[in-house]
Amino acid sequence: MIRKIIVYTIFLLISFNGFAQQDKFVVEADNLPLNKVLVSLRDQYGFHLSFNDKKLSEYTITASRSFSSEENLLRFLLEGLPFDLKKTGQVYIIVPKKEKKKTAKPVKTTKISGKVIEAGSREALPFSHILINNKSMVSDVAGNFSFTSTADSVFHLRISHLGYYIYDTLLFQGTDQQFQLLPMTEELPEIIVQNNIIEKATQMGETPGKIKINHNISRFLAGQGDNSVFNLLRLMPGILASGEQSTDLLIWGSYEGQSQVLFDGFTLFGLKNYNDNISVINPFVVKNIELFKGGFDAKYGNRVGGLVNITGKNGSRQKPVLSFNLNPTTLSSMLEIPMFKNSSLLLAYRQTYYNLYSESDFNIFAPTKSKTSSRNNRFAFDFDVYPDNYSFRDANLKYTTTFKNNDQLSVSLYGGGDEFEIAAETEIERMGRGQGGRWQMVPYNVTFLNKELNRQYGGSLFYNHIWANGNNSILTVTQSDYSKQVSDEVETENPATAEEFTTERATTVNEAGENTLRNENTLNFLNGHKLEFGVGLFFNTASISNNFNSNLINQSDTTFRFANRRFVLFAQDHLPINEKVTLKTGMRLSYQLSVRRFFLEPRFSVTYKPDDRFTINASAGLYNQYMYKMTNVDRDLNYSWLWVTANNRIPVLRATHFVAGANYFKNGLTINVETFYKRTRNLTRRYYGTRMINKRLTEGYFFSYGDARAYGIDAFIKKDFGKHSVWTSYSLSKAEERLASLGETMPEFSPAPHDQRHEFKIAGIYNIGNFYISGNYVYGSGMQLIKEVFANEVDHVFYSRFDAAVTYKFKPWGKNFETGLSVLNLFDTQNLKYANMKQIVITRDIGSVSVYTNAVPFTPMLFLKVVL
C-alpha cells in the first residue's frame, strides 16, 4: 500500500509539473516592433536567437498568450509574415521566406557582406581575420568583406582583430551589414560583454612569414614615453633587436634598406630615433600593424627583405576626442573631430620640448658616471661619446569621409624632422717621434664633431569603391620624400708641439623620393574563392652629394643622381580547395622604362589546416627591389648606407624566398615555428681603395658586386591566461655575403656585417586591477661588424638589455588617465649601436682612433597620458 502511495505521488508531481510546463513561455505585446519583442523574450527566457534586426523592426506585434515551448511561441509570432524559422543546435534562426518558382532555377547562391568596425568610435578595422563556415578570409584596408556560398543560407561567422573581443554568431544572408567589435582596453559601460574571448598580443601562422601585432599593448611596454611602435616590433621573432639600429629594420637576415615601412600606403624612409624613445611613427595615430618577414604574396613588392604595413586611424565620428602624452622627452597630442555626418578629421603633433642632450637643459640621458669606471663596461674604448644635441618634431593630418554607397575617401599627410649632434674631445697617446726624433709615447688631442639632419614628408590619397555585387576597387596616389645630411669634422694635433696632423671636413647629402599611382581590385567568387589584380606606376629618384676637404687628401666634390620609372601589373588567385587546404598563386610583372626590360616575380603559397588547432604552410617566390640602400665604405673603413635607384650601372636587387612554418593554438597557447632561406643577387658596394687601372695604381672609390644568402629558424611561444600575456622567441640564423670588383674572382661566402647567430627574447604583461606590469629582455650573441671592431674581445660583444614598466589606469572626473614609470636598460648594461661607430685616421703612420656611440643607457621615465 505504501509503495502505491509513493508511486501515485510521484505521478501526480510529474503531471502537475507537465501542466506547469505548458504555460512556461508568455508573450505580452501591444503594437510593439517584432525585433523588440524578440529581444525581450531572449532576455527573459534565455532564447538563443539570430535575426536581421532592421528587417524585423518593420513588423509590429499585438499578443497576450502563453506557450508550452520556445518553438511554438516563435512560430506564432512569425505567422503570416514573410519569414521562416530554422533551428541549428540550440539557436533559432529567423530567415526570409524563399519564393517558389515553377521554372527550373539556376544554382542557388547566398551572400553575406559587410564592414568590421570598432564599437563606440565606429572606426573601421582593416585586415580583420574572418572565418565563415570554416572558410578563412581577411577584410580589406577599409574593413569590408564579401562572401558568396552555393550551399549555405545560414552562416557561422567568426571575426577576430587583435586587441578586440571575438565576434562569434550565426546569421542568415545579408549585405551591407556592420559588425561591431569591442576593444579590450577601453571601458564601454553602455555595452554588456558576455563573451570574454580576446585576441591578445599577436596573430601568426595563418599566412607564411606574417605576424599581425596588437599595437594597443605597446602602451604597457617599457619605452612608453612615446609609445614607440618599434619597441614592440623589436620584440617579434625574426626582427634583429641587437645593435639597436634606429633608422631601419633588419628582418630575417636582410640588409639595411631592404625592408619597407608603409604608413597609409606611402613609404617612410626613416628618421634618426636616436634614443629608442622616439619613433618615426606617432603611436597615437596607429590602427593596425602587419609584419611580413618574407615569402609575402604578389600584392606586395618593391622589397627583397621584409615589409611592415601600418594603417593609420581615421578619427572618431561620434564626438571630439583630445589625447595627449607627456614625458621627459616629448609632448604628444592628437585631436579627433567629427566632420558633417560621415566624416572625421584627425590632427596629431609631437615634439621634444627642450634639447634632450644639452648641458644647459635638464638632461636625463647624459651619463651619470664615466663609462670607464662602470662595473658593466665590457669594451676598451679610445673614447666614447654621447650626443650634445637632439631635437625632433612631426605632425599628422588625416581626413576621412564615407559616402552613402559606403565608398570611402581619405587623405593622409605626414611631415617630420630631427637634428642630431655629437661632439667629443679627448687626449690619447700613440707611439711617435718626439723631441730629438726619438720614438716615444706622444700625446694627441682629438676633436670630433658629427651633425645629422633628417627630413621626411609623405602623403596619400585613398579611394575605396564597393560595387553592387560586393567586389571592390581601390585607387591610391602617394608621395614620399626624404633627405639626410651628415657632416663630420675631425681635428688632431700634438699638444706639446702644436703640430696639426689631421683636419678633415666631410659632408654627405642623400635624398630619396617615391611617387606612385596604384589601382587594386578584388573579385569575389564562390565559397571564399577570390581574385586580386591591379596596376601601378612607380617613380623613384635618389641623389648623393659628397664634399670632402682634408689636409691629407685633395678636396673633392661629387654628385650622383638616380631615377627609376616602371609600370607594374599583378594578379593573385586565392583558392580554397576544401576546408583544409588553400592555395594562393600570383604573378607580379614590372617593366623598367629606363632599360626597357621586363621583370617577372612569380609567387606561390599553400596552407593546410587539419583541424582548428594546427596550421601548416609554405611559400616561395621571386622578389625585386628597384630602390635600396647601397653600402658605402670610406677610406677609414667606416660603413654608411645611402639610398640609390637601379639604373644602367646600379642593378636591380633580385631575391628568392623559401618559407615554411607550423602553428599550434589552443586555450590561449600559441606555438609557432618558421624556417626561411633567402638568396639575394646583385648586391652593390661602393668602397675606397686602390686598384690597378691601365697598369697604374689608382686610389679612389670603386664598386664591387656580389650576392648574399640568409637562412635560419624562428621559434615562438605565447600564453594568454586571464588578462595576462607572456611570450618568448628564439632565432637561430646566419647571414653571409660575397663581393668582388669587375674582373676579379668571386670569393667564398663570409659573414655579413649584420650577421648574428643567436637572439633570445622574452616579454610579459600582467594586469592586476588598474595596474599593468610589463618586462622584456633581449639577448644577442653579437653582430659580425662589432666582432670585427673588437676582435680581441670577441667573448664580450654580446647584446643584453632588460626593460620594465608599470602603468596605472584611473578615471578622475570620468576621464581616462594613465600614468606610470618606464625604465629602459634597467641594469645599465653597456651595448653598442650598430650604425654609430667611427674610425678617425690621425696620420697614415700613427694610425687611427675609434669613436663609438653607446646604445640606450639606464633610462627611467615618468609619463602621463590623458584622453578627454
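The model I'm looking at is a predicted one.

**Ser 344**

I went to Ser 344 with that cut-off in mind. I found a polar atom of its side chain 2.8 Å from the backbone oxygen of Asn 314. That is within the 3.5 Å limit. I placed Ser 344 in strand β21, which runs over residues 343-352. Buried or exposed, I wondered, is Ser 344? I got a relative accessible area of 0% for Ser 344, so I put it down as buried. Leaving out residues up to four places away in sequence, I listed what Ser 344 touches: Asn 314, Gly 315, Ser 316, Arg 317, Ile 337, Pro 338, Met 339, Lys 398, Tyr 399 and Thr 400.

**Helix α2**

Next I checked the length of α2, residues 34-45.

Which residues of α2 are buried? I noted Leu 34, Asn 35, Val 37, Leu 38 and Leu 41. Looking down the axis of α2, I saw these buried residues fall within an arc of 160°, so they line one face of the helix. I reminded myself that an α-helix has 3.6 residues a turn, so residues three or four places apart point the same way.

I then asked what the buried residues of α2 pack against. My list has β1 (25-33), β2 (49-50), α3 (53-56), β3 (60-67), α4 (70-78) and β5 (91-96). On the face turned away from the buried side of α2, I found the exposed residues Lys 36, Asp 43 and Gln 44. After α2 comes Gly 46, and I noted that its phi is positive, near 75°.

**Tyr 164**

I found Tyr 164 in the loop between β10 (154-160) and β11 (167-172).

**Whole chain**

Last, I zoomed out. I counted six helices and 46 strands in the chain. Of its 868 residues, 54% are buried. For contacts with a separation of 6 or more, I got 65% from residues 24 or more positions apart. The accessible surface came to about 38,700 Å², and 56% of that belongs to carbon and sulfur atoms.

Notes: Residues are numbered from 1 along each chain as its sequence is written. This is a predicted model: local features need pLDDT of at least 70, side-chain atom pairs count only at pLDDT 80 or more; totals for chains, interfaces and linings use all residues. Side-chain values use heavy atoms; hydrogens and water are left out. Buried means under 20% relative accessible area, exposed over 50%, partly exposed in between (1.4 Å probe, protein chains only). Helices (H or I, at least four residues) and strands (E, at least two) are DSSP runs, numbered from the N terminus. The arc is that of the directions from the helix axis to the C-beta atoms. Contact means heavy atoms within 4.5 Å. A polar contact is a pair of N or O atoms within 3.5 Å; within protein, one must be able to donate a hydrogen and the other to accept it, and residues adjacent in sequence count only if both atoms are side-chain atoms. Accessible areas come from the Shrake-Rupley method with a 1.4 Å probe; for residues, only the protein chains shown count as cover.
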